[in-house]
Amino acid sequence: MTTIVIAPDAFTGAATTHDAAAYLAEGIAEALPDAELILVPMADGSEGTARCFDGTPITLPTTDAAGRLTEATYVFNDGDLSEAYIDVAAASGLHTVADHPVPLTGDTYGTGVLIADAVTRGAQRIIVGLGGAATIDGGTGILVALGATPQDKAGHPLRPGGGTLTELAGFDTAQLNIPAAAVEWVLLTDVTNPATGSNGAAAAFGPLKGVTPDNVALLDAALTQLCDICEVDPATPGFGSGGGLPIGITWLSTLMHGDRSHVHVLPGARMVAESMGLPELMQSADLVVTGEERFDTQSTHNTVVGTVLDMAVAADVPVVVVAGAFQEHGGGDGVSTVELSDGPDAKTQLVDAGRRIAAALPQQ
C-alpha cells in the first residue's frame with residue numbers, strides 16, 4: 001500500500017491549511033483509492049497555527065487592532081500542563097483592520113484579552129503564533145491587557161500603538177496580573193528578523209501594514225526606545241516578528257522570574273511539525289506532499305515548505321511541492337513541483353493538483 005503524508009501550509013486568501021490538506025487528499029484518493037493518506041495540516045506561526053494543535057476552541061469578545069469590539073478564538077488544552085494556543089492574527093491580525101489600517105495606533109490589547117482569559121482557565125503555558133499581526137507595538141498592547149501600563153516621563157499613560165513608544169519611560173505595574181505574567185511563554189516566529197534596523201519590524205514589514213516611508217523611521221525609533229527600556233537586544237533574531245511582540249513579553253517574564261528562562265522564541269513551522277509527529281510519520285511514507293500559495297526565494301527559509309523539505313531530505317523520502325505560482329524552481333534531488341491550474345475556486349484547483357500528483361506516481 002502506498003503511504004502519502006500531506007502536509008501543506010495555508011494557501012493565503014484561498015484555503016486554510018486544513019482545507020488544503022483535505023482537497024489535495026480528495027484528488028489523490030480519486031486516483032489511488034487504496035492509498036493510505038495521512039493529513040498533517042501545517043502552519044509556521046501565522047494565522048491558523050493554533051488550530052493545528054489539539055484542544056478546545058474558546059471564542060470570546062475582545063478587540064481588534066483598532067480597538068473595535070470583535071470576537072476571536074484560541075485553543076485551550078487542559079492536559080497535565082494546561083496550555084493555550086493563541087494566534088496574534090486572531091484578534092490583532094491584518095485581516096481585522098483591512099478596511100482601516102492602523103500602523104501607528106494599532107495595538108495587541110485584544111490578544112492580551114485572550115491570554116488573560118486562558119490564564120483564568122488554568123493555562124500555565126501560552127503558545128503564541130506571531131505571524132500576521134497588523135501592529136508594530138512591541139507587544140505593549142498585551143502588557144496593558146495584563147496590567148502593565150506604558151508611561152512617559154511625567155507618569156502619564158501612553159496612547160495605544162507603536163507610534164508613541166518614543167516617549168516611553170517605564171511601566172506602571174501596580175495592577176499587574178501576576179499569574180498571567182508568570183506563565184511559560186512560547187513565541188512561534190515565521191521570520192528571523194531583528195526588532196530594529198534595515199531588516200527590522202518597521203522597515204521589513206511596516207509597508208505591509210500600511211506604514212508610509214515617512215513613518216518607518218518613527219516606528220523603528222519607537223522599538224529602539226522600547227528595547228532600551230526593556231533591556232532587550234534589538235538585534236536578537238526573531239524579535240521583529242509580530243511587530244516586535246517578543247520585546248514586551250521578554251521584559252514581562254524577566255520582571256517576574258529575574259531572567260529570560262521562561263520565554264522561548266522558536267521557529268513556528270518546526271515546532272508545529274514536531275508536535276504533530278511529522279518526522280516520525282515520514283519514516284514510513286512513500287511520498288510527502290506540501291505546498292503554499294506562492295513558492296519564492298523565501299520559501300525554503302523558516303517556512304512550512306522549507307521545514308517539510310528539510311525533514312523529508314533527512315528521512316530520504318520524495319516530496320511534491322504544490323503552489324499557485326513558482327518564482328523559482330522548488331527542486332533538488334527527490335523534489336518535484338505541481339503548479340495549480342486555472343479553476344473557479346481553490347478546492348477545484350487543489351483537487352485537480354491531487355489527481356495530477358497521483359497520476360505521476362509509478363504504478364504499483
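Five strands form an open, parallel sheet in the order β2-β1-β11-β12-β13, where strands are DSSP runs of E of at least two residues, numbered from the N terminus, and two strands pair if DSSP finds at least two bridges between them. The model is predicted, so local features need pLDDT of at least 70 and side-chain atom pairs pLDDT 80 or more, while totals for chains, interfaces and linings use all residues. Residues are numbered from 1 along each chain as its sequence is written, and side-chain values use heavy atoms, without hydrogens and water.

Reader: Which residue in β2 is the bridge partner of Ile 6?

Author: Strand β1 covers residues 3-6 and runs parallel to β2, with four bridges joining them. In β2, Ile 6 has as its bridge partner Leu 39.

Reader: How far apart are the closest N and O atoms of Asp 352 and Arg 356?

Author: Because these residues are four apart in helix α12, about one helical turn separates Asp 352 from Arg 356, a helix being a DSSP run of H or I of at least four residues. They form a salt bridge (a side-chain nitrogen of Lys or Arg within 4 Å of a carboxyl oxygen of Asp or Glu), and the distance between their closest N and O atoms is 3.0 Å.

Reader: Is Asp 99 buried or exposed?

Author: Asp 99 forms a salt bridge with Arg 68. Buried means under 20% relative accessible area, exposed over 50%, and partly exposed in between, with a 1.4 Å probe and protein chains only. Since its relative accessibility is 61%, Asp 99 counts as exposed.
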